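Welcome! Here is a short briefing to read alongside the model, taking one region at a time.

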Amino acid sequence: MTEIYFDNAATQPLKPEVLTVMMPYLTEHFGNPSAIYRSAQKARNAVALAREKVASLLNCRPDEIFFTSGGTEADNWALATAFEAHQADKPHIITTAIEHHAVLETCHYLEKRGAEVTYVPVNSSGRVDPEVIREAIRPETGLISVMSANNETGILQPVAEIGAIAHENGILFHTDAVQAAGHVPLDLQTLPVDLLSISAHKMGGPKGVGCLFIRRGVSFGGFIHGGAQEKDRRAGTENVAGIVGFGEAAALAKRDLEENARYVTALRDRLVSRLSETVPDITFNGTGERLPGHVNVTCHGTDGESLLIFLDMQGLACSAGSACASGSLSPSHVLTAMGLSYEDAHATIRLTLSENNMEAEIDEAAAIIAKAVALQRTGAGF
Ligand SMILES: *Cc1c(COP(=O)(O)O)cnc(C)c1O
């Protein structure tokens, strides 16, 4: 049985074209980019070219891109280093209740080190109100961090407005754009963002590589110490093959962005219609401006975790809340922040589509979900 993969927000399969360009850097061009001989030059040039491709996706300068081990590291770097730099006079951080754990847990860690953190709420459609951010600003606010798009609902956040508010007040602004990058346009020439995190594996690149964008002119220290790589800011021999793959994934994402968005939105709308027709008593969470591929649906009176097990047995891969929330008993912090009850949050599944999915899978998945929900509601069990 081939699996229907509807968990594209958790990770995406490596694009075949990406693997092809990575292979030589896992084999013959193995040199350390910091060395001087030919195989090293090959690696060094490849890293430079990848940096240009990632910069081109974001419409920024290559020297504003600093490669990391992924989105989590980029988020940790942005928050911890911003806090350290402003700790003495500006220990206050503003973020939101719906951030990814990479931001939330870093905030919790920084609270133990003296940070004061305000977690602003969202409205029932999962959106942050820029005015609520403005009201949370204090004289000692040193950083605002608001994600570009939420990983559970796909809801796009008003980062342009929030960035403008941050800058009016002389506050550094970071956005976790891991879900958004490669799926919706991001233009750093116009977006008032100082720091931005992205990750390769959420756009068809390899796992374990991402980057932090640091706007030119923003003085920002390093995070990992021990070498001169990444202009002294992020030490460690570069993940050359990973970075090359990231560059290719970024180039493909840029090339196909509009076409993919149109295609995936149509699939998403079809899935919403099919579910509405075949599954009674469901609610879609997070409507409004959002990423093309996210469907977050509460199947009232069911248990999301046991639904997932049945769906997996039927060949449908998806998640409850987010991949990271699965396996934990606490309900999704995103859904509860949107006002869902614990029962409803527990009765929710997340289906995330990509350009790799097909119409036939949508219809099949809807039928599988309808069956699972009906079985659970009748108490027939699985
Ligand atoms: C996946 C994800 C991350 C973590 O990125 P990794 O590269 O897996 O470490 C951070 N933030 C958001 C919004 C994500 O979706």
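M23 sits in helix α1, which spans residues 16-26; helices here are DSSP runs of H or I with at least four residues, strands are E runs with at least two, and both are numbered from the N terminus. The model is a predicted one, where local features need pLDDT of at least 70, side-chain atom pairs count only at pLDDT 80 or more, and totals for chains, interfaces and linings use all residues. Residues are numbered from 1 along each chain as its sequence is written, and side-chain values use heavy atoms, leaving out hydrogens and water.

**Around M23**
- M23 counts as partly exposed because its relative accessibility is 41% (buried is under 20% relative accessible area, exposed over 50%, partly exposed in between, with a 1.4 Å probe and protein chains only).
- Together with L14, L19 and L26, M23 forms a nonpolar surface patch with about 350 Å² of accessible area.

**The sheet**
- Seven strands make an open sheet of mixed pairing, in the order β2-β8-β7-β6-β5-β3-β4 (two strands pair if DSSP finds at least two bridges between them).
- β2 (65-68) and β4 (116-120) are the edge strands, each with a single partner, so one side of each has no neighbour in the sheet.
- On average, neighbouring strands are turned by 20° against each other, direction ignored (axes are lines fitted to C-alpha atoms, for helices over the stretch in contact, and angles run from 0 to 180 degrees between N-to-C directions).
- Helix α2 (residues 38-58) packs on the sheet and touches β2, β7 (195-199) and β8 (210-214), its direction making about 115° with that of β2; contact means heavy atoms within 4.5 Å.

**Strand partners**
- β3 (residues 92-96) pairs with β4 in the parallel sense over five bridges, and I93 has V117 in β4 as its bridge partner.
- β5 (residues 141-145) and β6 run parallel and are joined by three bridges, with L143 opposite L172 in β6.
- In β6 (residues 172-176), five of five residues are buried.
- On one side of β6 these are L172, H174 and D176, and on the other F173 and T175.
- In a regular strand, side chains alternate between the two faces of the sheet.

**Around T81**
- T81 belongs to helix α3 (residues 71-86) and counts as buried because its relative accessibility is 8%.
- Leaving out residues up to four places away in sequence, T81 touches N76, F220, G221, G222 and F223.
- T81 and G221 are 140 residues apart in sequence, and their C-alpha atoms are 6.5 Å apart in space.

Notes:
Patches are made of residues with over 30% relative accessible area and no salt bridge: like charges are joined within 9 Å, nonpolar side chains (Val, Leu, Ile, Met, Phe, Trp, Tyr) within 5 Å. Accessible areas come from the Shrake-Rupley method with a 1.4 Å probe; for residues, only the protein chains shown count as cover. A salt bridge is a side-chain nitrogen of Lys or Arg within 4 Å of a carboxyl oxygen of Asp or Glu.
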